[in-house]
Amino acid sequence: EMRKVYESAMSQDSEQRWLRKVSSDGTSADKVASLTMLVQLCPVFSTGYIKALLAMAGRTTRSDSSMAIDALKELFHGTLLPDRKLKTLQQMEPVSPKGLKKSTFTEICVVSFFEDYLKTAYAAFVQILAAAGHNTVVFIKNRAVKTAYDLLSAKPEQEKALLSMLINKLGDSSSKVSSNVSWCIKELLKQHPGMKLPVLKEAEAFLARPNITANSKYFALLLLSEITFSQKDGQVASRLVRLFVSQLEVALRKPKLSKKEFQRRKRGLAPKKQKVQPLREEDNKLVRTLINGIRRAMPYVDAVGGAPLEEETVNSLFKVCHTVNAYSTRASILGLLYRGLGAGDPPDRFYRLLYEQIGNFDFFTSSHSWQAFTLLQKCVPADASCARGVAVARRLLQLGVGTEPMITVASLGVMRDLFAVRRIEMLPLMHTVDRKVIPAEEEGTGNVEEEHFVDDDVAQASKAPKDTHYDPMAREPRFARARNAP
């Protein structure tokens, strides 16, 4: 009855008659413009016009579809959708006509019916956007992604479907689309920090797919590694660290045996000796991204929800750090190991690995050289072994002699920090240039004299003079005799 009154009133208006005529007989641009104006005039009685716009948006014609999608986006964003999620008729509370006027009850019924229809129409529009995202033209896909981002950042309706669509486009064949999606999600998290957990859940579901490509996995993990956290995001950071650790274990896992090698193992034959294959450049990027993501999220992890590195993962990281070609990846791995093993003093194998890596010039000319210097400033002065710390500092100074002044200055800074902590132990070394000093006692040994018996040949061998000079090529920094003068 209310619709009939509205239709009769509009039929007497010449402007409304002209708009309705253009919406059926005009050009595509005129149709879209007239339908938009008719919907804006009275949305409740414009379900037919919304349906006509949805039909135009779903066409295969590129121009008609683009114009209709833009019009529907403006209508849903500015006119139709409220700042809450819509409800269906089943989700609404039943309203009894008792105690209400007939006109009031009729208005409630009309509005409830329109809200139910609007929810269905908006879901259909989201499906049209998802179909447009699978178009072969990159421009149309980027436009669909931008429309989904605008709607998701403005209204909460169909949040899960729109977010799933955006995350799914991280696996697009075009890198431009994937980069655009990554930028949109970053901007979304800046506007709505509370959506970090939903984004993480969708990304986990995306990474769990069996047919995902390596490039898609890299884009998804790169996006997650660049999330900015706050002090309230401990749960999200903990879940993200667990995801990164699991992905890191997969990336460092040994390759599967070939069919021929499997048959050899099955017959009990000795496996063929194979050289340790270094990581490919794609794997380097992935491992570096995972490590940086873990290092960024670790400070925000809750004490209870932390995800420490497993022993197998630690062993794999040590092995990879010896064989990987990219020195920036080596710097990232060392930083993660120091962070993951920092509950007490790091083990000797960590400092042995660090001592080996700083002997390479390329280690300090890589793109992550600042991470290397930051790590050295943290771990060298804090080392419980003074002899080892001095050995690392001396190797840095030797490296700084034949390289850029920046590395020399950074090496002197590490030496300064070590001297501030170990002033008494290093003072004799600082006052000597050409003469020998009294050799420092090996750590862990004392001067307690005990009675002991040895053979004659052993006694004669022990009387041979021992080398007390500094050994810069020693594998173990504790036994390089770095506290002795050269």
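1. E187 and K190 sit three residues apart in helix α9 (residues 175-191), about one turn of the helix. Helices here are DSSP runs (H or I, at least four residues), numbered from the N terminus. The side chains of E187 and K190 form a salt bridge, N to O 3.5 Å. The term requires a side-chain nitrogen of Lys or Arg within 4 Å of a carboxyl oxygen of Asp or Glu. K190 is exposed, with a relative accessible area of 62%. Exposed means over 50% relative accessible area, buried under 20%, partly exposed in between (1.4 Å probe, protein chains only).

2. On the basis of the values: this is a predicted model, where local features need pLDDT of at least 70, side-chain atom pairs count only at pLDDT 80 or more, and totals for chains, interfaces and linings use all residues. Residues are numbered from 1 along each chain as its sequence is written, and side-chain values use heavy atoms, with hydrogens and water left out.

3. The whole structure holds 21 salt bridges. One of them joins E157 and K119 at 2.9 Å, N to O. E157 lies in the loop between α7 and α8 (159-168) and K119 in helix α6, so the pair ties together parts 38 residues apart in sequence. E157 is buried at 1% relative accessibility. K119 is buried too, with a relative accessible area of 18%.

4. D417 pairs with R416 in a salt bridge, the closest N and O atoms being 3.3 Å apart. R416 is exposed at 56% relative accessibility. Elsewhere, salt bridges with shared partners join D348, R352, D383, R388, E476 and R478 into one network.

5. Helix α6 (residues 102-132) packs on helix α7 (residues 138-154) at about 145 degrees, axes 8 Å apart. Axes are lines fitted to C-alpha atoms over the stretch in contact, and angles run from 0 to 180 degrees between N-to-C directions. From α6 come Y122, F125, L129 and A132; from α7, I140, K141, A144, T147, A148 and L151. Contact means heavy atoms within 4.5 Å. These residues divide into eight nonpolar, one polar and one charged.

6. α8 and helix α10 (residues 196-207) pack at about 50 degrees, axes 10 Å apart. K160, L163, S164, I167 and N168 of α8 meet P198, V199, E202, A203 and F206 of α10.

Methods:
Helices (H or I, at least four residues) and strands (E, at least two) are DSSP runs, numbered from the N terminus. Ala, Val, Leu, Ile, Met, Phe, Trp, Tyr, Cys and Pro count as nonpolar, Asp, Glu, Lys and Arg as charged, and the others, Gly among them, as polar.
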